[in-house]
Amino acid sequence: MPGKTVKTDKHFISIVEVTRVPSVNEALKVGRQGAKTWLYLNPEISNFKKRVTQALQKEGAEEYFADKKDKIFTLEILFLLNSNVWRRDTTNLIKYLEDAVRDAIKIDDSRNFQVRVRKIE
């Protein structure tokens with residue numbers, strides 16, 4: 001993804017293309033063996049977080065934010081949806097994307113002062 005990131009003194013803007021953003025509604029799966037049951041994280045979510053984290057790290061996100069750990073942040077997310085733009089509940093799509101950004105920049109997402117989300121078709 002070279003060339004899809006812009007860095008300035010105050011902004012780190014990166015385009016990360018994925019085919020599907022998993023929803024929190026599909027986060028937990030139920031495992032069963034005999035009478036024993038347990039919950040586990042959907043592997044699709046783990047793979048998604050890993051892909052986004054690696055893409056941001058390749059663009060230098062961790063280095064960019066290394067000296068900004070005491071700052072507060074605005075995270076802006078733009079979902080480009082190819083269908084059902086008005087039916088998609090984007091608040092359910094934010095959690096694991098925000099976690100992937102946290103993993104990439106090594107700053108806890110509690111430092112996000114503001115999260116802006118837009119969706120377009």
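**Salt bridges and the main pocket**

Lys-95 and Asp-99 sit 4 residues apart in helix H3, which is about one turn of the helix. The model is a predicted one. Between Lys-95 and Asp-99 there is a salt bridge, and their closest N and O atoms are 3.1 Å apart. The two ends of this bridge can be described by their accessibility. Lys-95 has a relative accessible area of 38% and is partly exposed. Asp-99 has a relative accessibility of 5%, and it counts as buried because that value is under 20%.

Asp-99 also forms a salt bridge with Arg-102, where the closest N and O atoms are 3.4 Å apart. Asp-99 and Arg-102 are both in helix H3 as well, 3 residues apart, again about one turn of the helix. Arg-102, at 25% relative accessibility, counts as partly exposed. Through salt bridges that share partners, Lys-95, Asp-99, Arg-102 and Asp-103 are joined into one network.

Side chains of opposite charge can pair when their charged atoms come close. Which residue forms a salt bridge with Arg-20? The partner is Glu-26, and the closest N and O atoms of this pair are 2.9 Å apart. Glu-26 has a relative accessibility of 22% and counts as partly exposed. Arg-20 is partly exposed too, with a relative accessible area of 37%. In total, the count for the model comes to 9 salt bridges.

The next topic is the open space in the model. Rolling a probe the size of a water molecule over the atoms shows where empty space is left. The largest pocket holds about 1,500 Å³ of space. Two or more residues of its lining come from each of strand S2 (12–14), helix H1 (43–58), helix H2 (61–65), strand S5 (73–80), helix H3 (91–105) and strand S6 (112–120). Helix H3 is also the helix that holds Lys-95 and Asp-99.

How many residues line the largest pocket? The lining has 40 residues, and those nearest the centre of the pocket are Ser-14, Glu-76, Ile-77, Leu-78 and Leu-97. Strand S5 gives the most to this lining, with 8 residues. By residue class, the lining of the largest pocket divides into 24 nonpolar, 7 polar and 9 charged residues.

Technical notes. Residues numbered from 1 in each chain as written. Predicted model: local features only at pLDDT ≥ 70, side-chain atom pairs only at ≥ 80, totals over all residues. Heavy atoms only, no water. 1 Å grid on protein atoms, 1.4 Å probe; cavity = no way out; pocket = protein on both sides within 12 Å on 5 of 7 lines; lining within 4 Å. Points joined across faces, edges and corners; volume = space filled by probe spheres on them. Nonpolar A, V, L, I, M, F, W, Y, C, P; charged D, E, K, R; others polar. Salt bridge = Lys/Arg side-chain N within 4 Å of Asp/Glu carboxyl O. Buried < 20%, exposed > 50% of the residue type's maximum accessible area, 1.4 Å probe, protein only.
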